[in-house]
Amino acid sequence: MNRDEAIGRLAARRTPWDMIVIGGGATGLGIALDAATRGYDTLLLERDDFAQATSSRSTKLLHGGVRYLRQGNIKLVMGALRERTRVLANAPHLSSEQPFIIPAYKRGESLYYGFGLGLYERLAGRASLGRSRRLSATEIRRELPTLRASGLRGGVLYHDGQFDDARLAVCLAQSAWDHGATLVNYCAVVGLLRTGGPGTPVSGVVARDRETGAEHEMPARVVVNATGVFCDSIRRMAEPGAAAWVAPSQGAHIVLDRRFLPGRHALMVPKTDDGRVLFIIPWQDRLLVGTTDVPVDDATAEPRARPAEIDFLLEHAGRYLQDVPQRKDVLSVYAGLRPLVRAGSGRNTAALARDHLLREESGLVSITGGKWTTYREMAEQAVDLAARVAQLPDRPGRTADLPLHGATSDPAPTPLRAYGSDAGAVQALAQTRPEWAALLHPRLPYIGAEVEWAARYEMARSVQDVLARRTRALLLDARASIEAVPNVAALLAGALGRDAAWQAREVAAFTAFAQGYLACGSGFAR
């Protein structure tokens, strides 16, 4: 991918696009890939960076949703379990099977959880990742030696999947580009075009390049709004009085050192004080704890975890771990907003289903809701509807069994595993200059060549793009990322041809931004 080339395509365009997709998160990128593989001439526009909002701030799970069984949403669970297997098959370099243990401390819990997980496995059918089974207290202590042992009666083992959300988003963007789509980040849609006056169908977009300020009018046979929690703002460009679809909910996560729960198995806490489930998961040689579910009134571009959310996660983790984590132990904290579909006027977002909503209004096709695991199926349905609205040639979707960019049956060992078949090229780049072979920071697993690669081939335009999404440095260790900023800014300036003043602005901007990822940083009680 190359942003200058993409901007050049926009400037040279003289005919309408078949499809313009607004939004570069999981769903929008999935739509761009699906449309491109069907042969539709596709443009995707993202206001910020790819996956900058919700799609890089998930719990990193590929799952059917054990707790949705309690809600009776069998259809959602079955669909997600089917799609889980497809992500694992199509992006093996970015996903893997993950075993989970649910501990039981009360009489009858092990039997109860065993029944529920047995149903979960049966719903998966051929998509099952392994048999669930009940474990004795002795077996659980062997697998989770740092689990609180007092009162432990046994538990249940089951299997789900995990992945790297931001890297999968970049992978989807690369895959769509490989199949002929044009994608541009930092290009905001500021208006919609219409074929006639008010009330006539949407026929394109007006977009502003946020790097140059240039505006482009781009007609299209159909426009798809896939902006997640910001879906309603785009809908109201077409229909100013449109009723809200989205009830945003904030989910926060904390990242800890692996010493709190060493080993391969993750821990699932079946019921928190607010009725949710909580996960403590090994991820990227760290431990990920999440998540909360707090309703918010308005969607913001940079949600911040609230002190009460951090305390909630620490307290619940401490109930199950021998070594109780403290705020000083948190390596990073992050929050994202879920685009939940509204159901009445209630405020209990934890009770809302994770189904998606797809409709056409005034020629604008909008989709919101859902979750990462089901992005591909959502995208396929959206393209089906968009193609009918635009009267495009009827062509079936091709993404169910489509290997994504970099897919390989033999991924490189970490830390270059996320590059898949590109890992050798990244390693070769590292050998050409000493600064590209060096670590960005002693506590981070990334090298200088990854900054160069991100700028050349992955449309990284800022230090935040590199440290938050092209690598996951900000999530792995926020303080180390801040310390690495001058080095990263210098490397990125060389790759993008920027001057010393740009470097200084980037150092200041990222340092201020990353303060929100420090559990004991600015804005949080020490």
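## Aromatic pairs

The structure, a predicted model, holds 10 aromatic pairs. One of them is formed by Phe-510 and Phe-513, whose ring centres lie 6.2 Å apart; the planes meet at 50°, so the pair is tilted. Both residues belong to helix H16 (residues 500-514), where they are 3 residues apart, and this separates them by about one helical turn. Phe-510 is buried, with a relative accessible area of 2%. Phe-513 also counts as buried, at 9% relative accessibility.

Phe-513 has a further ring partner in Tyr-517: the centres are 5.3 Å apart and the planes stand at 50°, so this pair is tilted too. Tyr-517 is buried, as is Phe-513. Elsewhere, ring pairs join Phe-100, Tyr-120, Tyr-158 and Phe-279 into a cluster.

## Charges over rings

Two arginines are placed over tyrosine rings. The charged end of Arg-148 sits over the ring of Tyr-105, at 4.4 Å from its centre. Arg-167 lies over the face of Tyr-419, with 4.8 Å to the ring centre.

## The three-stranded sheet

Strands E8, E9 and E10 form an open sheet of 3 strands in that order, with antiparallel pairing. Strand E8 (187-194) and strand E10 (215-219) are the edges; each has a single partner strand, so one side of each is left without a neighbour in the sheet. From one strand to the next, the twist averages 25°.

Strand E9 (residues 202-209) pairs with E10 over 5 bridges in the antiparallel sense. Within this pairing, Val-206 has Glu-217 in E10 as its bridge partner. Helix H7 (residues 231-238) packs on the sheet and touches E8 and E9, its direction making about 30° with that of E8.

## The six-stranded sheet

A further open sheet has 6 strands in the order E7-E2-E1-E11-E19-E18, and its pairing is mixed. Strand E7 (182-184) and strand E18 (356-361) are at the edges, each pairing on one side only. The twist here averages 15° from one strand to the next.

Strand E1 (residues 19-22) and strand E2 (residues 42-45) run parallel and are joined by 4 bridges. Ile-20 has Leu-43 in E2 as its bridge partner. H7 packs on this sheet as well, touching E1, strand E11 (223-225), E18 and strand E19 (364-369); its direction makes about 160° with that of E19.

In soluble globular proteins, nonpolar side chains tend to be buried together. The largest nonpolar core in this model has 70 residues, and those with the most contacts inside it are Met-19, Ile-31, Leu-45, Leu-168, Leu-183, Val-205 and Met-218. Helix H9 (residues 375-390) supplies the largest share of this core, 9 residues. A second, separate core has 46 residues, including Leu-444, Tyr-446, Ala-454 and Ala-468.

What does Val-205 touch, not counting residues up to four places away in sequence? Its contacts are Ile-20, Ile-22, Leu-45, Val-189, Gly-191, Leu-192, Leu-193, His-216, Glu-217, Met-218 and Val-223. Among these, Leu-45 and Met-218 are, like Val-205, residues with the most contacts inside the largest core.

## The loop between H12 and H13

Arg-461 is placed in the loop between helix H12 (448-457) and helix H13 (463-470). Is Arg-461 buried or exposed? Its relative accessible area is 13%, which is under the 20% limit, so Arg-461 is buried. Leaving out residues up to four places away in sequence, Arg-461 touches Arg-3, Asp-4, Asn-185, Tyr-186, Glu-211, Leu-492, Leu-496, Arg-498 and Trp-502.

Met-459 lies in this loop between H12 and H13. Met-459 is buried, at a relative accessible area of 1%, and has a positive phi of about 60° although it is not a glycine.

## Backbone exceptions

Most residues other than glycine have a negative phi, and most peptide bonds are trans. Asp-285 is not a glycine, yet its phi is positive at about 60°. Asp-285 lies in the loop between strand E14 (278-283) and E15, and at 55% relative accessibility Asp-285 counts as exposed.

The peptide bond between Gly-290 and Thr-291 is cis, with omega about 15°. Thr-291 is in the loop between strand E15 (286-290) and strand E16 (294-295).

Note on methods
Residues are numbered from 1 along each chain as its sequence is written. This is a predicted model: local features need pLDDT of at least 70, side-chain atom pairs count only at pLDDT 80 or more; totals for chains, interfaces and linings use all residues. Side-chain values use heavy atoms; hydrogens and water are left out. Helices (H or I, at least four residues) and strands (E, at least two) are DSSP runs, numbered from the N terminus. Buried means under 20% relative accessible area, exposed over 50%, partly exposed in between (1.4 Å probe, protein chains only). Contact means heavy atoms within 4.5 Å. Two strands pair if DSSP finds at least two bridges between them. Axes are lines fitted to C-alpha atoms, for helices over the stretch in contact, and angles run from 0 to 180 degrees between N-to-C directions. A nonpolar core is a set of buried Ala, Val, Leu, Ile, Met, Phe, Trp, Tyr and Cys residues joined through side-chain atoms within 4.5 Å. Rings of Phe, Tyr and Trp (its six-membered ring) pair if their centres lie within 6.5 Å; planes under 30 degrees apart count as stacked, over 60 as edge-to-face and the rest as tilted. A charge sits over a ring if NZ of Lys or CZ of Arg is within 6 Å of the ring centre and within 35 degrees of the ring normal.
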